[in-house]
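Colleague: I am new to this structure, and I would like to go through it with you step by step. Could you show it to me before we begin?

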Amino acid sequence: MTRRLIMDCGREADVLEAVAFGRWPDHAAELVAHVAACAACADLVVVAGALQNDREAACREAPVPAAEMVWWRATIRARADAARTASRPITVAQGVAGACAVGLTCGLASIAWRSVPWADRFGELATRLATRRVDLASTLAMEHALPLVLVLAACLVLAPLALYITLADD
Ligand SMILES: [Zn+2]
């Protein structure tokens with residue numbers, strides 16, 4: 001078994017470029033003379049030439065859609081891009097309006113909770129229960145339960161809105 005030494009040649013890039021761009025062998029007389037004397041470049045011409053022929057055949061057989069179809073798809077894509085660009089500020093405005101509405105609702109609910117008389121009765125009931133054998137912890141929990149629930153609900157609603165507004169630009 002004979003071992004063939006793999007040799008590198010400094011002109012391989014030039015030969016490969018000439019084959020790839022279709023200049024081989026008609027427009028590369030100087031390279032043809034070099035390839036005749038260089039085994040590495042001769043092998044490169046054989047392999048690269050086969051690949052180039054295969055590429056040209058594949059390009060000839062590739063199905064190209066009709067011009068009307070290409071134009072129609074480009075028009076649809078342009079319209080979709082324009083609609084997406086136009087709707088972006090509207091979406092941001094809707095997000096801001098939604099956040100404002102949630103904040104306003106929470107504020108109004110807090111004011112209503114303080115001003116409605118039955119809330120005082122509820123407070124009195126809580127105080128009575130507190131004076132009776134209810135421990136201090138449960139009284140505090142009942143007094144602060146509603147604002148805490150409101151704050152948690154506001155966070156649950158506002159956090160996805162803030163995330164959406166932040167990520168909407170992408
Ligand atoms: Zn060479």
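Modeller: Before we start, a residue is called buried when its relative accessible area is under 20%. Please also keep in mind that this is a predicted model.

Colleague: With that cut-off, what share of the residues in the protein chain is buried?

Modeller: The protein chain has 170 residues, and each counts as buried when its relative accessible area is under 20%. Taken over the protein chain, the buried residues make up 12%.

Colleague: How many helices and how many strands does the protein chain have?

Modeller: Read from the N terminus on, the elements of the protein chain run α-α-α-α-α-α. The count for the protein chain is accordingly given as 0 strands and 6 helices.

Colleague: Which element gives the largest share of the largest nonpolar core?

Modeller: The largest nonpolar core has 10 residues, among them Cys9, Val15, Leu31 and Val45. The elements that contribute two or more residues to this core are α1 (12-20), α2 (29-37) and α3 (39-61). The largest share, 3 residues, comes from α3.

Colleague: How are α2 and α3 oriented to each other, roughly parallel or roughly perpendicular?

Modeller: The axes of α2 and α3 lie 6 Å apart, and the two helices pack at an angle of about 110 degrees. Angles of 65 to 115 degrees count as roughly perpendicular. The orientation of α2 and α3 to each other is therefore roughly perpendicular.

Colleague: How many residues in the contact of α2 with α3 are charged?

Modeller: α2 passes α3 in a left-handed crossing, and the contact is made by His34, Val35 and Ala37 of α2 together with Ala39, Cys41, Ala42 and Val45 of α3. These residues divide into 6 nonpolar and 1 polar, while the number of charged ones is given as no charged.

Colleague: And how does α1 lie relative to α3, roughly parallel or roughly antiparallel?

Modeller: The axes of α1 and α3 come within 9 Å and cross at roughly 25 degrees. Because angles under 35 degrees count as roughly parallel, the placement of α1 relative to α3 is roughly parallel.

Colleague: How many residues of the contact of α1 with α3 are nonpolar?

Modeller: α1 passes α3 in a right-handed crossing, where Glu12, Val15, Leu16, Val19 and Ala20 in α1 meet residues of α3 including Ala40, Leu44, Gly49 and Gln52. Of the residues in this contact, 1 is charged, 2 are polar and 9 are nonpolar.

Notes. Residues numbered from 1 in each chain as written. Predicted model: local features only at pLDDT ≥ 70, side-chain atom pairs only at ≥ 80, totals over all residues. Heavy atoms only, no water. Core = buried A, V, L, I, M, F, W, Y, C linked by side-chain atoms within 4.5 Å. Buried < 20%, exposed > 50% of the residue type's maximum accessible area, 1.4 Å probe, protein only. Helix = DSSP H or I, 4+ residues; strand = E, 2+ residues; numbered from the N terminus. Axes fitted to C-alpha atoms, helices over the stretch in contact; angles between N-to-C directions. Parallel < 35°, antiparallel > 145°, perpendicular 65-115°, else oblique. Left-handed = near helix turned anticlockwise from the far one by under 90°. Contact = heavy atoms within 4.5 Å. Nonpolar A, V, L, I, M, F, W, Y, C, P; charged D, E, K, R; others polar.
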